[in-house]
Amino acid sequence: MSLFRTTFPFVSRELLNWFPGHMGKGMKQMQQKLKQIDCVIEVHDARIPLTGRNTEFKHTISGIKPHIFVLNKSDLIEKHFEGKIIERLQQENQDTMHVLFTNCKNQSCRGLRKLMPLAQTLINSSDRFNRSSQREFCIMIIGVPNVGKSSLINVLRNRHLNKKGASQVGAVAGVTRSVLNRIKICEDPAIYLLDTPGILEPNIADTETGLRLALVSCLQDHLVGEELIADYLLFLLNKQRNFRYVEIMGLPEPTDSIASALVASAVHLNKMIRTKQLDGTSVLRPDVNMAAKLMLKSFRTGAFGNILLDEDKIMHSNNNIRLKNI
């Protein structure tokens, strides 16, 4: 087994930047709605609790209202990381005091049960200024694309009103395109949620930030390239000594080469594509793009295990804290 890469090659930031026009428009709409808002719930993917958060939210949206930070898809990370994540978040940002982990696939999830009572407590203890005479509560849901904002609204609506979803959900980043009308999720007290489009920072900070966002589908796969995202996934799996991919992809042993991994996987899964040669004859070749898509699907559905992509950032920070305390 050869030595694995310790760093990932540089990737052009142009390839990783995706800020469609509706995101800029959405940010302006959200700012205009703030006078009607009592609390802000920021949703992020639990697999990347530190990576890719839109810092513009703090300065323009969530900084002046009660704020809850929800780490969704928590079923895809190991539970023992939750305390370390909260410690790291509060070390980095003193304003991140209220952190909940949620799994929208499980209505009895502890984080979901706590969310609305916590929001009501924060609103009741805050100065609502122009909304002090309003008996109803209005909460804005914000976050980067495809972290489960619409799913969260739908599960809360179903949980409190026993009604099916009112907000469109999709597996591709960028489904919600505009600030929607208020969606009622509770009768007593009357609570309305406002869904918003997923909004990334206009400029991705670095290669790793962009590729981690892409891995959890905050960026659309085809814009970055499935094979590039799969290569970064292979790099991370090897870095964490997670070799489950060997059996799942049908490889003889761990590898640091995404090309050989995808070719072997395509052959193992019988994913072949017929291509024409210059002499007019056709030949079957391994469909490496399909193999890359299936590799990404395996990661996203948890087939490679529960993986905290930001484990290096979380554990490095906690080690530093321990050293300072010695």
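Student: Which hand does the crossing of H9 and H12 have?

Tutor: Left-handed. That label applies if the near helix is turned anticlockwise from the far one by less than a right angle; clockwise is right-handed. Helices (H or I, at least four residues) and strands (E, at least two) are DSSP runs, numbered from the N terminus. The model is predicted: local features need pLDDT of at least 70, side-chain atom pairs 80 or more, while totals for chains, interfaces and linings use all residues. Residues are numbered from 1 along each chain as its sequence is written, and side-chain values use heavy atoms, without hydrogens or water.

Student: At what angle do H9 and H12 pack?

Tutor: Two packed helices are described by the angle between their axes and the distance between the axes. Here, H9 (residues 226–239) and H12 (residues 288–300) pack at about 50 degrees, with axes 9 Å apart. Axes are lines fitted to C-alpha atoms, for helices over the stretch in contact; angles run from 0 to 180 degrees between N-to-C directions. H9 and H12 are therefore oblique to each other (under 35 degrees is roughly parallel, over 145 roughly antiparallel, 65 to 115 roughly perpendicular, the rest oblique).

Student: Which residues make the contact?

Tutor: Contact means heavy atoms within 4.5 Å. H9 contributes residues including Ile 229, Leu 233 and Leu 237. H12 contributes, among them, Ala 292, Leu 296 and Phe 299.

Student: Where is the antiparallel pairing of S5?

Tutor: With S6 (residues 191–194), through three bridges. Cys 186 has Ile 191 as its bridge partner.

Student: How many bridges join S1 to S2?

Tutor: Six, and S1 and S2 (residues 67–72) run parallel. Val 43 partners Val 70. Five bridges join S1 to S4 (residues 137–143), also parallel. There, Glu 42 partners Ile 142.

Student: How many residues of S1 are buried?

Tutor: Seven of the seven in S1 (residues 39–45), so S1 is largely enclosed by the rest of the structure. Buried means under 20% relative accessible area, exposed over 50%, partly exposed in between (1.4 Å probe, protein chains only). Cys 39, Ile 41, Val 43 and Asp 45 cover one side; Val 40, Glu 42 and His 44 lie on the other.

Conventions. Two strands pair if DSSP finds at least two bridges between them.
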